[in-house]
Number of protein chains: 2
Amino acid sequence: MEVSSKMKRTLLTVLTLGFILGFLDLAIAQTADPLSSWNDGEAKQSIIEFVSKATKQGTSDFVPVEERIATFDNDGTLWTEQPAYFQLLFAIDRVKALAPQHPEWKEKEPFASLLKGDTKAALAGGEHAVLEIVMATHAGNTTAEFREIVQDWLATAKHPVTKRPYTEMVYQPMLELLSYLRANGFKTFIVSGGGIEFMRPWTKKVYGIPPEQVIGSSIRTKYEMRDGKPILVRLPELDFFDDKEGKPVAINQYIGRRPIAAFGNSDGDLQMLQWTCLEEGISFCLYVHHTDAEREWAYDRKSGIGRLDKGLDEAKKNGWTVVDMKQDWKVIYPVDDR
Amino acid sequence: MEVSSKMKRTLLTVLTLGFILGFLDLAIAQTADPLSSWNDGEAKQSIIEFVSKATKQGTSDFVPVEERIATFDNDGTLWTEQPAYFQLLFAIDRVKALAPQHPEWKEKEPFASLLKGDTKAALAGGEHAVLEIVMATHAGNTTAEFREIVQDWLATAKHPVTKRPYTEMVYQPMLELLSYLRANGFKTFIVSGGGIEFMRPWTKKVYGIPPEQVIGSSIRTKYEMRDGKPILVRLPELDFFDDKEGKPVAINQYIGRRPIAAFGNSDGDLQMLQWTCLEEGISFCLYVHHTDAEREWAYDRKSGIGRLDKGLDEAKKNGWTVVDMKQDWKVIYPVDDR
């Protein structure tokens, strides 16, 4: 009986503690603002309203947890894309690192210009030049080797303007939005024009998004046994370009469900937003509008990178949320407390 | 005080009930056998040992939950694949259903033979004939339309030999294995040579595997706006064949992690098993060997469908588990209690 009474007391303590902790959780949830970097306004309000509706049981808008799929573009939506896509800056750094192994690059465009530091001249060759740079720097290794190359680069490379590490140029308000959606049962995916294997090494740590929820552009890979070990070799051949019409195609291919929320910042995201929001049922679409020349960059209808032109008109027509970065966001990047 | 005391009593009741239920759960978990359709033996033992090791914290074999990825072939591993792949039987039924809209099929192979009921003659054209049948029956509609066609077929079609619905020709021991792995924190994926959109409409209900964890062969799709609505049209063009070397390629493409457990039944799964088990670290590979001519089918080294030849040798060489269906499984299909 002694033991039993002791057990009872222990149990009671555990249960009481559990209850108190549960109560505290509830109290915190009720008081802390999960979107604290968002200024009060239409954008923030629209997000909260959508999530409240989708998660309220017993209403016609209620969406079961397994169908709460949210897709996010990456460049310009979750992290900065200026003065150039970060992956292009990575590729340029790789050209410099690989140059000693490629003496022929000294005379061959677009590499020759890149090595002289003239990025503009190198990219004058347009899409073809970019593709040459990407294939020369992204292919020819194994998937495991490429992962390490990306990790090593991110560990040391700094943004040319802010001098911050690239992974600290993610938008604090969007990190909060990702967490807020996940706390409400959403599964968050990245659907980016960027390289799928360029993103996967770091998205879990930076965004809380695991590799299997990252969709992007890809080059072909080939399975081989090398010295008794299975490897995947990255080939210099485009497999899939995950932009514009490619985004709904990829969403269907990888996820097999239609998202109920989609987030982008450019015309390249328009088809993803249409696919998500132009069907029956509750849905939410949001464009990040780059309006803050002081804290980040300001660009839209006439920009080369991240052009947002048709998308702005479509957002207005369809009642999608447009975030005015300057007005709606209290901070841009996570607070730098180093 | 009255209310407060009432509240206290209610709370105490809730907590007590919660405790009792928790205790019952624990008791059930400790006594019930999660693999009750498996006979005691090496195969069952090897599964339990692997899961125990991978989930035991503080050991060198421990695998964090997010890395517990298990991949399963479908045809012949999770459900029967005899006397033909069920998807081919679906395609043949579709040819018959679509014949009135295609009067030209009466004179055109492989359709003419199929419509006369001579499947063997129709398939004499080999891979080319199969591809023609697949494209004629799987393309030309939207993804939403195709999903409905598959669902409608499964709701009424019966297996030519057992007369069971196809979705009841899944292996009970494998259903238990899927549940057992998930109960131990594993994320279970299908990686099948079968069509990705042929499987996704029913894998959640039948296997507990949601669409975003189903990988398969695919045809190309095209994004379009039709009458103001976004659709994806299925094109008669192969996109990806998810078999043999394609399986590790697809696993890397879709999941972006190496599985730590893989399950198959044929040489078409060999590369997936190599990719999973021929690397450093804890891993588990298993072949289902079809040895039960009485309760299911018996076939291996010389079979056209699901040939298991090289795989048997590799399993022996590498110490992979080989399930002897006849010996290791108490039942094949879920008990038919109609």
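Which residue of β5(A) is the bridge partner of Thr71(A)? The partner is Ala262(A). The model is predicted, so that local features need pLDDT of at least 70, side-chain atom pairs count only at pLDDT 80 or more, and totals for chains, interfaces and linings use all residues. Residues are numbered from 1 along each chain as its sequence is written, chains are lettered from A and ligands numbered from 1 in the order in which they are written, and side-chain values use heavy atoms, without hydrogens and water.

Strand β1 (residues 69-72) and strand β5 (residues 261-264) of chain A run parallel and are joined by three bridges. Strands are DSSP runs of E with at least two residues, helices are runs of H or I with at least four, and both are numbered from the N terminus. Two strands count as paired if DSSP finds at least two bridges between them. Both strands belong to an open sheet of seven strands in chain A, ordered β4-β3-β2-β1-β5-β6-β7. The pairing is mixed. At the edges stand β4 (229-240) and β7 (321-324) of chain A. Each has a single partner strand, so one side of each is left without a neighbour in the sheet. Neighbouring strands are turned by 30° against each other on average, direction ignored. The axes behind this angle are lines fitted to C-alpha atoms, for helices over the stretch in contact, and angles run from 0 to 180 degrees between N-to-C directions.

Chain A also meets chain B. Here 40 residues of chain A are in contact with 40 residues of chain B, contact meaning heavy atoms within 4.5 Å. The buried area is about 3,600 Å², and carbon and sulfur atoms give 53% of it. This area is the accessible area (1.4 Å probe) that two parts lose on being put together, summed over both. Glu212(A), Tyr223(A) and Gln253(A) supply 19% of what chain A buries against chain B, more than any other three residues.

Six salt bridges cross the interface. Each requires a side-chain nitrogen of Lys or Arg within 4 Å of a carboxyl oxygen of Asp or Glu. Lys229(A) and Glu280(B) form a salt bridge through their side chains (3.6 Å, N to O). Elements giving two or more residues to the side of chain A that touches chain B include α1 (2-31), β3 (214-226) and α11 (246-254) of chain A.

Most residues other than glycine have a negative phi, and most peptide bonds are trans. The bond from Glu109(A) to Pro110(A) is cis, with omega near 5°. Pro110(A) lies in the loop between α3 (86-98) and α4 (111-115) of chain A. Lys244(A), not a glycine, has a positive phi of about 50°. Lys244(A) sits in the loop between β4 and α11 of chain A.
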